[in-house]
Amino acid sequence: MNDETSGGPGDETTPLVAGPALADIHLHTNLGDGWISPARLIQAATLRQLAIVAVTDHDHVEGARRVEELLAEQNCTLRMITGVEVSTRNGHLLGLFVKKAPRPLRPVEESIDAIKEQGGLVIVPHPLGPLVPSLSRRRIDSLLAAGYEIDGIETYNPSPANAARRADVLSANKEWGLAEIGASDAHFWQHVGAAYTSFSGTTPEDLRRAIVERTVRAGGQDQRPARLNPAVYVAQCAWAWFVDPPRRVMRRRRESRAEHRIHEA
Ligand SMILES: [Zn+2]
Ligand SMILES: [Zn+2]
């Protein structure tokens with residue numbers, strides 16, 4: 001990728017935009033319930049001048065693995081983080097910098113532990129969200145009071161239902177003091193980068209440090225993301241309900257059979 005602002009040959013960490021780098025850390029591929037192919041995700045993120053993406057499919061990391069493989073084959077400045085959106089019994093939860101997906105449908109406390117045991121970061125997506133399973137204000141209060149370590153919270157999730165809760169989330173976070181994350185939760189390539197987290201640095205490790213030190217900032221595109229035909233959302237919704245869950249069950253079965261074989265060997 002050639003750009004006037006990038007450094008000399010071999011300098012692959014120079015960001016394309018001056019100032020803080022941008023990351024979109026909540027994205028779904030078509031190996032999960034999204035409609036974005038791994039190749040398209042890389043294209044769209046590059047177009048939006050993101051420095052980092054995290055692929056966070058529900059309860060598995062196959063989409064993240066595929067994006068990682070494609071990036072390894074390409075000469076591209078984009079960096080990626082393996083993430084997962086865990087379906088806990090109490091609402092969705094993002095794990096970043098994970099190696100494998102925690103078991104779904106467990107109490108949120110257990111899911112936090114499973115992410116932390118892998119050295120991951122815990123982010124609350126769409127907090128207080130009315131339409132998808134989301135952690136409530138009371139739940140977040142009690143987790144923090146019990147000493148569970150939550151690193152960040154989405155204060156900028158562009159879906160209209162979550163945008164309506166933004167003021168409440170920001171005011172609660174004055175007490176919580178969590179890193180303020182902007183993320184698109186994109187299921188369609190047109191929405192990649194519609195919200196982002198800015199940080200100083202360029203690498204995933206810089207982003208990790210910025211989240212831990214609470215120096216990240218949440219933001220979104222000034223321009224509204226492309227509005228898609230409503231039929232597309234209906235189709236995606238059907239996909240999320242009828243195609244993705246059976247695939248997740250099959251995956252889980254395959255994994256537990258493989259684990260079984262390892263134990264028996
Ligand atoms: Zn979610
Ligand atoms: Zn999501």
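Student: What share of the contacts with a separation of 6 or more comes from residues 24 or more positions apart?
Tutor: 68% of them, and keep in mind that this is a predicted model.

Student: Where's glutamine 190, then?
Tutor: Glutamine 190 is in the loop that links strand E7 (179-182) to strand E8 (195-199).

Student: OK, zooming out. How many helices and strands does the chain have?
Tutor: Eight helices and nine strands. The radius of gyration is 18 Å, close to the 18 Å that the globule rule gives for 265 residues, so the chain is as compact as a globular protein of that length. Along the principal axes, the C-alpha atoms fill a box of roughly 50 × 45 × 40 Å. As for burial, 43% of the 265 residues count as buried.

Student: And what order do the strands in the sheet come in?
Tutor: It's an open sheet of nine strands with mixed pairing, and the order reads E7-E6-E5-E4-E3-E2-E1-E8-E9. E7 and strand E9 (217-220) are at the edges with a single partner strand each, so each has one side without a neighbour in the sheet. From one strand to the next, the twist averages 35 degrees.

Student: Which way do E6 and E7 run, parallel or antiparallel?
Tutor: Parallel: four bridges join strand E6 (residues 152-156) to E7. In one of the pairings, glutamate 154 has isoleucine 181 of E7 as its bridge partner.

Student: And E3 with E4, parallel or antiparallel?
Tutor: Those two are antiparallel, with six bridges between strand E3 (residues 79-88) and E4. Valine 86 has leucine 93 in E4 as its bridge partner.

Student: Back to E7. Are its faces covered or open, and which residues are on them?
Tutor: Both faces are covered. Ala179 and Ile181 are on one side, Glu180 and Gly182 are on the other, and all of them are buried. In a regular strand, side chains alternate between the two faces of the sheet. There's a helix here as well: H6 (residues 166-176) lies across E6 and E7, at about 150 degrees to E6.

Student: What about the largest nonpolar core, how many residues does it have?
Tutor: It has 62 residues, and Ala23, Leu41, Leu50 and Val53 have the most contacts inside it. Strand E1 (residues 21-27) gives the most to this core, with five residues.

Student: Which residues does alanine 23 touch?
Tutor: Leaving out residues up to four places away in sequence, alanine 23 touches Leu50, Ala51, Ile52, Tyr196, Thr197, Phe199 and Leu207.

Student: Switching to the backbone: which residues other than glycine have a positive phi?
Tutor: Among them are phenylalanine 97, with phi near 60 degrees, and histidine 126, at about 25 degrees. Phenylalanine 97 is in the loop between strand E4 (91-96) and helix H3 (108-117). Histidine 126 is in the loop from strand E5 (121-124) to helix H4 (137-145).

Student: Are those two buried or partly exposed?
Tutor: Phenylalanine 97 counts as partly exposed because it has 18 C-beta neighbours inside 10 Å. Histidine 126 is buried, with 25 other C-beta atoms within 10 Å.

Notes
Residues are numbered from 1 along each chain as its sequence is written. Chains are lettered from A and ligands numbered from 1 in the order in which they are written. This is a predicted model: local features need pLDDT of at least 70, side-chain atom pairs count only at pLDDT 80 or more; totals for chains, interfaces and linings use all residues. A residue is buried if 20 or more other C-beta atoms lie within 10 Å of its own, exposed if 12 or fewer, and partly exposed in between; C-beta atoms are placed from the backbone. Two strands pair if DSSP finds at least two bridges between them. The radius of gyration is taken over C-alpha atoms; the globule rule is 2.2 Å times the number of residues to the power 0.38. Two residues are in contact if their C-beta atoms, placed from the backbone, lie within 7 Å. Axes are lines fitted to C-alpha atoms, for helices over the stretch in contact, and angles run from 0 to 180 degrees between N-to-C directions. A nonpolar core is a set of buried Ala, Val, Leu, Ile, Met, Phe, Trp, Tyr and Cys residues joined through C-beta atoms within 7 Å.
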